[in-house]
Amino acid sequence: MNLQETLSNHVQQAVKSIYSADLESVEFQATRKEFAGDITVVVFPMLRIVKGNPVQIGEHIGNYLVEHVSEVKDFNVVKGFLNLEIGASYYIDFFNSIKGKTDFGFVTPNPSEKAIMVEYSSPNTNKPLHLGHIRNNLLGYSVSEILKASGKKVYKTQIINDRGIHICKSMLAWKRFGNEETPESTGLKGDKLVGNYYVKFDQEYKKEIQELVSQGLSEEDAKKNAPLLLEAQQMLQKWEAEDDEVVALWQTMNGWVYKGFNETYKNLGVDFDKLYYESETYLLGKEFVAEGLKTGVFYKKDDGSVWCDLTEDGLDEKIVLRSDGTAVYMTQDIGTAIQRVKDFPDVGGMVYTVGNEQEYHFQVLFLIIKKLGFDWAKNLFHLSYGMVDLPSGKMKSREGTVVDADDLILEMAQTAEEISEELGKLDGYSSEEKQELYKTIGLGALKYYILKVDPKKRILFDPKESIDFQGNTGPFIQYTYARIQSILRKADLNKDVTLSTQKVSLHPKEKELLKQLELFPEVIQNAAQQHSPALIANYTYDLVKEFNSFYQNVSILGADNDSEKTFRVQLSQTVANVIKNAFGLLGVDVPERM
């Protein structure tokens with residue numbers, strides 16, 4: 001039982017004993033810096049149950065706690081806030097219970113609990129991954145790791161959009177203008193080569209539109225009748241008819257893209273347990289539409305199209321089958337979700353990491369699955385996130401103005417190199433060690449900058465600002481971790497000895513640091529419930545700020561006696577473990593030296 005639970009029980013007992021009233025819950029908050037105390041009981045909510053002056057009520061409860069609870073040493077009341085001072089022995093006992101635990105804060109998954117499937121990335125095979133994909137991947141991967149740490153079994157997945165008119169545009173442009181070039185012959189990554197032909201299609205398509213407009217067609221008609229678009233549409237029809245030549249070209253070019261994607265994923269440090277392909281799932285869902293027609297979930301219009309009426313639920317009508325019997329994205333998503341539960345029977349919920357422009361789509365999807373009678377529909381969650389902008393403006397794939405993921409990862413390492421060289425901190429490193437460190441700092445800066453922001457908020461990403469060694473940045477936290485490792489290397493003592501409460505008197509800075517450490521398990525649980533890596537990121541920054549304040553005010557290796565020195569080294573080591581674990585949940589590495 002943690003401190004808050006212990007205090008909650010005793011406050012409820014105090015109210016029962018003093019006022020003969022039953023308090024359902026107790027509200028706590030951190031004590032404000034300007035007042036003495038470690039944790040604050042908020043008295044105001046109690047006034048619904050206990051009538052009286054809030055200051056007087058606080059005084060009565062405070063006296064009761066000092067008398068009955070060994071952890072509570074003193075108290076003060078400010079208006080309706082009861083500030084409790086917790087004795088040093090509590091924090092030292094807490095510390096002894098966690099020191100040496102490399103998995104402090106993590107919960108082992110319960111085998112009997114249902115698993116969660118997290119979908120992220122889900123790219124198109126007509127272009128390389130870009131900055132928007134980076135936020136998607138970082139969020140999906142981090143939320144997966146946080147859910148695991150909170151005690152859930154997790155499967156990481158993506159659905160690869162490997163079919164459709166946009167894929168055929170790249171294929172047709174390569175066929176027309178590619179001169180048989182390959183990733184090997186050009187030295188380009190396969191996803192970049194294919195992406196170049198998506199841009200090429202758009203360029204040539206615009207030329208054809210201009211030509212048709214000059215011949216007297218309206219722009220709308222020119223867009224529909226441009227020969228290149230008509231040929232791409234024919235190619236899609238051939239692919240759906242399993243034309244050997246088109247399918248062979250599709251397999252070849254997609255193969256190039258997958259190889260490129262895998263390289264980017266490896267560099268970004270994300271992975272997947274299961275891949276789904278739209279070419280294999282686009283027909284899924286039709287059988288459930290037929291079933292839903294029988295049960296009244298769907299209805300058929302006169303033209304033969306099938307719809308779901310969600311107006312009573314505050315939404316619109318939604319088409320699930322066209323009049324020609326072909327499926328729409330919604331049908332496919334219904335079928336894919338159901339297929340995943342068939343593939344992984346222990347899955348009881350899913351998280352979809354998709355941009356906020358798709359919020360309505362997921363409201364409809366989750367509601368339809370619920371209406372179809374699947375009980376796990378209540379555990380579906382759309383991890384909606386805002387776009388990533390650059391100081392230079394918005395990105396457009398078909399115009400070739402995207403920020404390529406690989407280029408950005410490389411640029412981050414180069415920026416880390418420039419700044420590190422300016423600071424002159426890397427004497428004695430080999431060139432290989434330096435390059436590895438630049439990559440760690442650069443990627444850490446990128447990931448932290450993106451993940452420290454609430455997913456729902458839009459981000460303006462500034463690479464240089466993200467690699468500042470001061471402030472709320474990845475490199476600042478990495479540098480603190482490396483500083484602690486330096487202290488540990490110099491510490492010539494037995495770091496494993498357990499100190500009794502009698503041998504250590506806590507400095508206020510040590511107590512603040514222990515209070516911050518104590519929050520970690522709760523932060524993991526909150527981050528899992530809210531699907532927000534930002535809670536982990538900002539907790540870690542607060543922990544590092546608290547450690548640096550401790551480091552500047554308290555001598556660690558120059559302590560007055562061996563007990564103090566041992567305690568402070570152990571405390572530093574525990575902080576380092578939590579930094580490493582917290583950053584691991586964000587997918588960020590920490591360097592041993594910096």
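A residue is buried when its relative accessible area is under 20%, exposed when that area is over 50%, and partly exposed in between, with a 1.4 Å probe and protein chains only. The exercises concern a predicted model, in which local features need pLDDT of at least 70, side-chain atom pairs count only at pLDDT 80 or more, and totals for chains, interfaces and linings use all residues. Residues are numbered from 1 along each chain as its sequence is written, and side-chain values use heavy atoms, with hydrogens and water left out.

**Exercise 1. Classify Thr415 as buried or exposed, and state which residues it is in contact with.**

Step 1. Thr415 is placed in helix α15, residues 405-423. Helices are DSSP runs of H or I with at least four residues, strands are runs of E with at least two, and both are numbered from the N terminus.

Step 2. The relative accessibility of Thr415 is 4%, and therefore Thr415 counts as buried.

Step 3. Contact means heavy atoms within 4.5 Å. With neighbours within four places in sequence left aside, Thr415 is in contact with Lys464 and Ile467.

**Exercise 2. Describe how helix α9 and helix α10 cross, and which residues meet.**

Step 1. Two packed helices are described by the angle between their axes and the distance between the axes. Axes are lines fitted to C-alpha atoms, for helices over the stretch in contact, and angles run from 0 to 180 degrees between N-to-C directions.

Step 2. The axes of α9 (residues 227-240) and α10 (residues 244-268) come within 8 Å and cross at roughly 95 degrees. This makes α9 roughly perpendicular to α10, a class that covers 65 to 115 degrees; under 35 is roughly parallel, over 145 roughly antiparallel, and the rest oblique.

Step 3. From α9, Met235, Lys238 and Trp239 meet Val246, Val247, Leu249 and Trp250 of α10. By class, this contact has six nonpolar residues, no polar residues and one charged residue.

**Exercise 3. Identify the residues with the most contacts inside the largest nonpolar core.**

Step 1. A nonpolar core is a set of buried Ala, Val, Leu, Ile, Met, Phe, Trp, Tyr and Cys residues joined through side-chain atoms within 4.5 Å.

Step 2. The largest such core has 153 residues, and Leu84 and Phe461 have the most contacts inside it. Helix α10 gives the most to this core, with eleven residues.

Step 3. Beyond its neighbours within four places in sequence, Leu84 has contacts that include Leu7, Ile39, Val41 and Phe75.

Terms used:
Ala, Val, Leu, Ile, Met, Phe, Trp, Tyr, Cys and Pro count as nonpolar, Asp, Glu, Lys and Arg as charged, and the others, Gly among them, as polar.
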